[in-house]
Amino acid sequence: MEQEYKRMKILFLTAAYWPAQDGVSVVTQYLAEGLAKRHEVSVLATRREYPREEEHEGVKIQRIEAKRSMWTCIFQGEKKRARDYIEQYQPDMLLVVGIQTWCYDWFIKNLDSLPGKKMLMTHGSSCLGEYRVWPKIKQIRVRRRILADLIDVNFERYWKKYQKALPEGMAKFEVVSYLFEGEDLYEYMKRCGLRNSMILENATQDFFFDRKAYLVDESKETVFINVSTYEERKNQKMILRAYGETAQPGTRLVLIGSRKTEYYEELLEIKREIESIDTFAGKIEMHVGIPREQVLEIYTSADVYVSASSWEAMSISLCEAAAGGLLILSTDVGHVSQIPGVQLFETEEELKGLMREACRDTEKRRKCGRLSYEYAEENYRIQRKVDLLEEKLIEMCDGKKALCLEDMV
């Protein structure tokens with residue numbers, strides 16, 4: 001007999017959501033859709049090129065215009081429309097996804113005036129560096145770049161002030177979730193005395209566990225893959241150059257990004273240069289904005305995941321690669337060192353060596369891929385994350401210990 005549980009009205013505020021396919025979008029989507037099986041769930045997201053409103057997999061989606069000003073660093077857009085929607089919806093639980101977003105910045109000052117219990121779901125932070133306003137001011141010169149200099153000064157001033165205000169703002173939430181213990185934001189808030197934390201790691205779709213790339217098929221080509229936004233921080237240039245100099249016959253490099261950027265155009269130019277070399281023996285594919293179904297199809301033949309990012313919080317793509325049993329080559333960023341079997345590198349020369357080894361040492365691919373797969377099996381299943389989040393929300397909503405799913409049937 002099914003026991004009673006509280007059916008909640010849950011509202012996510014998020015800068016990115018379906019059909020966008022970046023890491024935050026994918027994570028927010030599987031959590032929202034998982035909760036929607038038992039609760040009423042809506043999402044308020046950034047509009048971009050998407051419709052104002054629609055419904056997907058049981059989740060109602062509303063979208064508003066919001067964009068950070070390059071001059072002031074402040075978000076501009078439909079703030080009143082967003083607030084009106086929140087107050088009209090009257091959620092039991094208001095889930096804010098990420099800091100450094102309009103979702104956090106617009107409402108943190110008056111968070112208590114919004115309806116519902118509040119939870120902040122962080123996805124790392126890029127604003128915890130050291131900001132030096134006065135040195136930037138001293139660099140200003142009366143010359144053609146004075147406008148750029150003034151923007152740099154404002155950038156330093158804004159993020160220094162933002163960082164200082166974070167502990168007070170994040171303390172307003174009943175619960176703040178972090179991706180893993182040891183991440184910079186988690187450690188910073190712990191030093192500031194915050195005690196409202198929980199760990200909610202990323203997870204991956206069950207589909208990826210079916211790949212089992214550690215069962216190496218030596219008769220097929222070796223496919224290297226990277227799924228990331230095309231931007232400087234992801235450093236696909238290093239991956240391209242390393243592959244260009246090490247590519248063996250029977251290998252392929254596949255890069256996948258959500259949209260065209262200036263950095264993407266620079267990558268295309270490097271690709272053309274590599275392919276014009278007579279001795280180049282590999283294949284390079286670059287995809288932009290392809291459907292999720294096509295991304296998953298490419299994964300069915302992928303063997304090695306390569307990440308050269310200069311910064312990550314907890315990359316969902318690396319979680320997916322681990323679940324697929326791929327050999328993972330990565331810079332030491334975010335949570336990656338926690339995944340058994342990952343091969344770390346710092347320089348382009350080190351990456352070249354690892355790519356060569358991946359092609360010739362199939363036993364290493366088997367061993368490392370299986371280690372990553374077994375870790376993912378224990379840590380990256382979606383249903384476990386949905387259950388954990390639901391339990392926490394029920395506790396917040398009515399103050400009672402939540403029932404786990406096994407108790408509900």
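These legends accompany close-up views of a predicted model.

**View A. Helix α11 has a span that fits its residue count.** Helix α11 covers residues 348-360, which makes 13 residues.

**View C. Cysteines C73 and C319 are both buried.** The structure holds 0 disulfides. For C319, the nearest cysteine sulfur belongs to C368 and is 18 Å away, so C319 is in no disulfide, given that the two sulfur atoms of a disulfide must be within 2.5 Å. C319 counts as buried because its relative accessibility is 0%. C73 has a relative accessibility of 7% and therefore also counts as buried, the cut-off being under 20%.

**View D. The second largest pocket takes much of its lining from α5.** This pocket has a volume of about 600 Å³. Its lining is made of 18 residues, and those closest to the centre are D105, I108, Y158, Y162 and A165. Helices α3 (102-105) and α5 (146-170) each supply at least two lining residues. The largest share, 8 residues, comes from α5.

**View E. The largest cavity is lined in part by helix α1.** A search of the whole structure finds 2 cavities of 30 Å³ or more. Rolling a probe the size of a water molecule over the atoms shows where empty space is left. The largest cavity holds about 60 Å³ of space. Its lining includes V27, Y30 and L31, along with M121, T122 and H123. Also in the lining are S177, L179, L200, E201, N202 and K385. Helix α1 (residues 23-36) gives the largest share of this lining, 3 residues.

**View F. A cis peptide bond joins W18 to P19.** The omega angle of this bond is near 5°. To find the spot, follow the loop between β1 (9-14) and α1, where P19 has its place.

**View G. E57 and Q90 each have a positive phi.** As background, most residues other than glycine have a negative phi, and most peptide bonds are trans. E57 is not a glycine, yet its phi is about 50°. With a relative accessible area of 55%, E57 is exposed. Q90, also a residue other than glycine, has a phi near 50°. Its loop runs between α2 (79-89) and β7 (93-97). Q90 is partly exposed, with a relative accessible area of 45%.

Technical notes: Residues are numbered from 1 along each chain as its sequence is written. This is a predicted model: local features need pLDDT of at least 70, side-chain atom pairs count only at pLDDT 80 or more; totals for chains, interfaces and linings use all residues. Side-chain values use heavy atoms; hydrogens and water are left out. Buried means under 20% relative accessible area, exposed over 50%, partly exposed in between (1.4 Å probe, protein chains only). Helices (H or I, at least four residues) and strands (E, at least two) are DSSP runs, numbered from the N terminus. The expected span of a helix is 1.5 Å times one less than its number of residues. On a 1 Å grid over the protein atoms alone, a cavity is a set of points where a 1.4 Å probe fits but cannot get out, and a pocket is an open set with protein on both sides within 12 Å along at least five of seven lines; lining residues have an atom within 4 Å of a point. Grid points are joined across faces, edges and corners, and a volume is the space filled by probe spheres set on the points.
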